[in-house]
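User: Can you take me through this model? I'd like the fold, then the ligand surroundings.

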Amino acid sequence: MIVLIGPMGSGKTTVGGLLAARLGTSVRDTDHDVEATAGRAISEIFVDEGEEVFRALERAAVAEALATHDGVLALGGGAVLDPDTRALLAGHDVVFLRVGLSDAVKRVGLGTSRPLLLGNVRGRIKALLDERTPIYESVATLAVETDGREPDDVADEIVAALGARA
Ligand SMILES: Nc1ncnc2c1ncn2[C@@H]1O[C@H](COP(=O)(O)OP(=O)(O)O)[C@@H](O)[C@H]1O
Ligand SMILES: O=C(O)C1=C[C@@H](OP(=O)(O)O)[C@@H](O)[C@H](O)C1
Ligand SMILES: [Mg+2]
């Protein structure tokens, strides 16, 4: 299993699909799994039930995917905040997609699908990068820079670094 971690806008979902295609395997995205289980969008879960409920659904989705999926797994940006999730990642290839503030802001834009960014996208991303970068570093077995690069280049670099193992 290759697990992709990193901030919102680092390209986990996008690169996950490209990487799986290169490796002839499939991709799973825990945000999609949570939405399928809950039957509604992440933004709605945050509004209706709050972040804690989302995190519990996310923890269960990651555990289920790690136990059953074989391929590429894209996590949500906050999944590694959970200590149980971090413990479950041990032994997997965990790729940290790095992104700086400016590229992250450009990529996530003004969409409403990421509730943690509402109000002040740049300020919220800066705070999340400051808080979470040490956690991403501590969990990753490989880190790849994405600033100024196309998702295809990022996927190529991961394949070159890890070989064909998924
Ligand atoms: N390396 C990249 N360069 C430019 N845009 C990118 C790159 N990676 C992703 N994107 C774009 O940024 C947005 C967020 O990407 P996404 O894969 O959803 O990130 P994440 O899952 O990490 O939040 C999408 O519109 C995607 O097309
Ligand atoms: O960083 C976060 O806490 C979040 C990231 C999102 O996923 P992406 O990183 O795929 O955008 C999604 O799980 C949710 O909006 C919360
Ligand atoms: Mg994503």
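Overall fold

Analyst: Of the 166 residues in the protein chain, 37% are buried, where buried means 20 or more other C-beta atoms within 10 Å of a residue's own, exposed means 12 or fewer, partly exposed lies in between, and C-beta atoms are placed from the backbone. This is a predicted model, in which local features need pLDDT of at least 70, side-chain atom pairs count only at pLDDT 80 or more, and totals for chains, interfaces and linings use all residues. Residues are numbered from 1 along each chain as its sequence is written, while chains are lettered from A and ligands numbered from 1 in the order in which they are written.

User: What is the radius of gyration of the protein chain, and how does that sit with a compact globule?

Analyst: The protein chain has 15 Å, which agrees with the value near 15 Å for a compact globule of 166 residues. The radius is taken over C-alpha atoms, and the globule rule is 2.2 Å times the number of residues to the power 0.38. Along the principal axes, the C-alpha atoms fill a box of roughly 40 × 35 × 25 Å.

User: How many helices and strands are there in the protein chain?

Analyst: Eight helices and five strands, in the order β-α-β-α-α-α-β-α-β-α-α-β-α from the N terminus. These are DSSP runs numbered from the N terminus, with helices being H or I of at least four residues and strands E of at least two.

User: Which strands pair with β3?

Analyst: Strand β1 (residues 2-5) pairs with β3 (residues 71-74) in the parallel sense over three bridges, and strand β2 (residues 26-29) pairs with β3 in the parallel sense over four bridges. Pairing here requires that DSSP finds at least two bridges between the strands. Leu 4 has Ala 74 of β3 as its bridge partner, and Ser 26 stands opposite Gly 71 in β3.

User: What share of the contacts in the protein chain with a separation of 6 or more joins residues 24 or more positions apart?

Analyst: That share is 76%. A contact means that two C-beta atoms, placed from the backbone, lie within 7 Å.

User: Ligands now. Which residues are closest to ligand 1?

Analyst: Gly 11, Lys 12, Thr 13, Thr 14 and Arg 107 are the closest of the 14 residues that surround ligand 1. The elements giving two or more residues to this shell are α1 and α8 (151-162), and α1 gives the most, with three. A residue counts as near a molecule if its C-beta atom, placed from the backbone, lies within 6 Å of that molecule.

User: How many of the residues in that shell are charged?

Analyst: Four are charged, with three nonpolar and seven polar. Ala, Val, Leu, Ile, Met, Phe, Trp, Tyr, Cys and Pro count as nonpolar, Asp, Glu, Lys and Arg as charged, and the others, Gly among them, as polar.

User: And which residues are around ligand 2?

Analyst: Met 8, Lys 12, Thr 13, Asp 31, Ile 42, Gly 76, Gly 77, Gly 78, Arg 114, Pro 115 and Leu 116. They divide into four nonpolar, four polar and three charged.

User: Is Thr 13 buried or partly exposed?

Analyst: Thr 13 counts as partly exposed because it has 16 C-beta neighbours inside 10 Å. Thr 13 lies in helix α1 (residues 12-23) and, leaving aside neighbours within four places in sequence, is in contact with Asp 29 and Ala 74. Thr 14, also found in helix α1, is buried, with 20 other C-beta atoms within 10 Å.

User: What about Asp 31: buried or exposed?

Analyst: Buried, because Asp 31 has 21 C-beta neighbours inside 10 Å. Asp 31 is found in helix α2 (residues 30-38), and its contacts, leaving aside neighbours within four places in sequence, are Ile 42 and Gly 76.

User: Which positions does UniProt list together with Asp 31 for "binding site"?

Analyst: The unreviewed UniProt entry lists Arg 55, Gly 77 and Arg 132 with Asp 31. Positions are in the numbering used here, feature names are shortened, and annotations may be inferred rather than shown by experiment. Arg 55 is found in helix α4 (residues 51-68) and is partly exposed, with 17 other C-beta atoms within 10 Å.
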